[in-house]
Amino acid sequence: MRNEARPASPQHVDAINTMFAELELAYHNQFHKAYASNDKLKVAKKFWLHSLADLSPEAIIRGARKAMQSSAFLPTLHSIREHAAPDAAALGLPQAIDAYREACRATAPRRDWAWSHPAVYLAGRASDWFFLSSSAEQRAFPVFKRHYDALVERVMDGEQLDFPDDSRALPDKSREAGPLPASEQSERMQKLRSELKV
């Protein structure tokens with residue numbers, strides 16, 4: 001999804017400068033033939049910056065480096081975009097449809113399920129477990145996929161996803177308390193009867 005209106009950040013500018021510096025090192029003759037003057041180079045950098053602003057700076061660098069590894073020729077915008085796409089399998093992330101089916105198969109308590117990756121659990125939780133279990137795949141999968149793809153992109157950008165910390169949940173004191181002593185039960189019953197005038 002391209003977002004042409006999004007302004008480029010300083011990190012995007014750094015990524016484009018890094019990419020062009022590496023392209024010059026990798027394709028010296030081709031590079032100098034394509035960008036024979038400083039003016040051409042400046043125009044090219046501005047164009048590439050504008051055209052790749054919707055990608056994260058990390059994705060731009062990743063795409064450029066993968067493109068350089070796979071071709072003897074200067075990469076195009078298209079090849080940078082193609083190579084910037086996340087390679088989820090290398091990080092243990094299942095394909096979106098497999099992740100969706102895993103989330104649908106999970107039983108409660110879902111936090112304790114043997115998840116293939118935290119992104120699957122987080123996408124399922126963000127999609128709403130009840131919605132996933134009660135909706136048809138053609139309705140639920142696009143919702144799950146949107147959440148999952150966003151998480152995959154975060155992982156590809158180097159973020160470490162973890163399961164949420166459930167320690168802030170209220171402790172279950174119902175088992176600890178036990179029944180009230182008979183005398184206290186009797187006192188409470190008398191108070192309730194007097195309040196209700198029974």
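**Helix packing and a buried loop serine**

In this predicted model, the crossing of H1 and H3 is right-handed. Helix H1 spans residues 10–26 and helix H3 residues 38–52; their axes come within 10 Å and cross at roughly 125°. H1 is therefore oblique to H3, since an angle is called roughly perpendicular from 65 to 115 degrees and roughly antiparallel over 145.

The contact is formed on the H1 side by His12, Val13, Ile16, Asn17, Met19 and Phe20, which meet Leu41, Ala44, Lys45, Trp48, Leu49 and Leu52 in H3. By class, the residues of this contact comprise nine nonpolar, two polar and one charged.

The buried residues are Pro118, Ala119, Val120, Tyr121, Leu122, Ala123, Gly124 and Ser127. Their cover includes helix H6 (96–105), H8 and H9. Just after H7, aspartate 128 adopts a positive phi of about 90°.

Serine 135 sits in the loop between helix H8 (129–134) and helix H9 (137–156). Is serine 135 buried or exposed? Its relative accessible area is 14%, so serine 135 counts as buried, the cut-off being under 20%. The serine 135 side chain reaches the backbone oxygen of phenylalanine 131 at 2.8 Å. Apart from neighbours within four places in sequence, serine 135 is in contact with Tyr100 and Ala140.

Definitions and conventions. Residues are numbered from 1 along each chain as its sequence is written. This is a predicted model: local features need pLDDT of at least 70, side-chain atom pairs count only at pLDDT 80 or more; totals for chains, interfaces and linings use all residues. Side-chain values use heavy atoms; hydrogens and water are left out. Helices (H or I, at least four residues) and strands (E, at least two) are DSSP runs, numbered from the N terminus. Buried means under 20% relative accessible area, exposed over 50%, partly exposed in between (1.4 Å probe, protein chains only). A polar contact is a pair of N or O atoms within 3.5 Å; within protein, one must be able to donate a hydrogen and the other to accept it, and residues adjacent in sequence count only if both atoms are side-chain atoms. Contact means heavy atoms within 4.5 Å. Axes are lines fitted to C-alpha atoms, for helices over the stretch in contact, and angles run from 0 to 180 degrees between N-to-C directions. Angles under 35 degrees count as roughly parallel, over 145 as roughly antiparallel, 65 to 115 as roughly perpendicular and the rest as oblique. A crossing is left-handed if the near helix is turned anticlockwise from the far one by less than a right angle, and right-handed if clockwise. Ala, Val, Leu, Ile, Met, Phe, Trp, Tyr, Cys and Pro count as nonpolar, Asp, Glu, Lys and Arg as charged, and the others, Gly among them, as polar.
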